[in-house]
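Please read the points below with the model open beside you.

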Amino acid sequence: MRPIPDDLDTPCILIDLEKVERNLRRAQDHADANAIALRPHIKTHKLVRFARRQVELGAVGITCQKIGEAEVMADGGIADILLPYNIVGAAKLERLRRLAQRVRLKVTADGPFVVAGYSKAFRSEAEPLTVLVECDTGGGRCGVQTPFDALELATLIAEAPGLRFGGLMTYPAKHRIAEAAAWLVQARRLLEDAQLPPETVTTGGTPDLWEAGPATGATEYRPGTYVFLDRFQVAEGVGAPEDCALHVVATVISRPTATRAVIDAGSKALTSDLLGLTGYGSVAEYPGAVITGLSEEHGTLDVSACDTRPEVGECVRILPNHVCPVVNLFDAVTLLHADGRTETVPVDARGRLR
């Protein structure tokens, strides 16, 4: 384990660039070997430099969850963006229209109201907006409910002024690849029979990344967390603790009892997501410690199971349960280069809602 740089102002995010590079290459190599396009989701890292690197390694483009993220990435030179999210409201649709004039843009819809909004915004544009049908293949979030519904909505998109039908999008339930694939295969057949073959069938989710390939029924995969990994992804077998590239560095600020320590990272630095795990992250230097509670600026550690225990003033590395919301809590991150040099950079797309 590399030592913690001694000039950090905690709590802060520390990212090991060597591990990021390995994670990116490993996923791209897998996608290439399994004949599936990779379109990484940048909501995890929100940094233009990592998006550019993903494209340099072979990604066909990127995925953004919000228009603000996509605008930042477009400013950074990313030319191909998917927004797999219903865009609703006049202000957002105007931003979407302007964004589509700058990049190759695809969006999704799961109902007629959303399609009508897109059509109204784009009916006078020189180039139609590419719209994919969002499909609920078991994830229970947004999406049309059956393959027949997908055909109906695809037909509506294809006939709407200013739009073109681009394919299918899903975010399937974890470890239910076969179920999602059967859904998508049926939908593809219906569309092909209706002379509406889907150009793109895109799916995603880091927990099932190593299953990505033709068997998913998709042409494209959208992983996000794989860039850093986290405690949950390790539990899912996606990677090992030594593959995790991001930690929150915190300082022990109190030892009120022999078995309790307090760090300066609370709910404003660590996610409150448990995801079925015990505690709010793991402590790299003290594997027996359990982060039992978070208040806004305090994290409480039970260190009763530790052979040695942290001292006041000591810095520790916390592996978050879920890394995506953690990055969103910080305005800047510190990058650790291979030679030990550190570099603090802004989180480009954080807070860019408008």
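How do the residues of the lining of the second largest pocket divide into nonpolar, polar and charged?

1. They divide into 12 nonpolar, two polar and six charged, where Ala, Val, Leu, Ile, Met, Phe, Trp, Tyr, Cys and Pro count as nonpolar, Asp, Glu, Lys and Arg as charged, and the others, Gly among them, as polar. This is a predicted model, in which local features need pLDDT of at least 70 and side-chain atom pairs count only at pLDDT 80 or more, while totals for chains, interfaces and linings use all residues. Residues are numbered from 1 along each chain as its sequence is written, and side-chain values use heavy atoms, with hydrogens and water left out.

2. The second largest pocket holds about 390 Å³ of space, and among the 20 residues that line this pocket, Met-1, Lys-19, Pro-241, His-247 and Ala-284 are the closest to its centre. A pocket here is an open set of points on a 1 Å grid over the protein atoms alone, where a 1.4 Å probe fits, with protein on both sides within 12 Å along at least five of seven lines, and lining residues have an atom within 4 Å of a point. Strand 1 gives the most to this lining, with three residues.

3. The largest pocket has a volume of about 640 Å³, and of its 28 lining residues Lys-43, Arg-141, Tyr-171, Gly-205 and His-322 are the closest to the centre.

4. Helix 6 (residues 147-159) and helix 7 (residues 177-193) have axes that come within 8 Å and cross at roughly 40°.

Technical notes. Axes fitted to C-alpha atoms, helices over the stretch in contact; angles between N-to-C directions. Helix = DSSP H or I, 4+ residues; strand = E, 2+ residues; numbered from the N terminus. Points joined across faces, edges and corners; volume = space filled by probe spheres on them.
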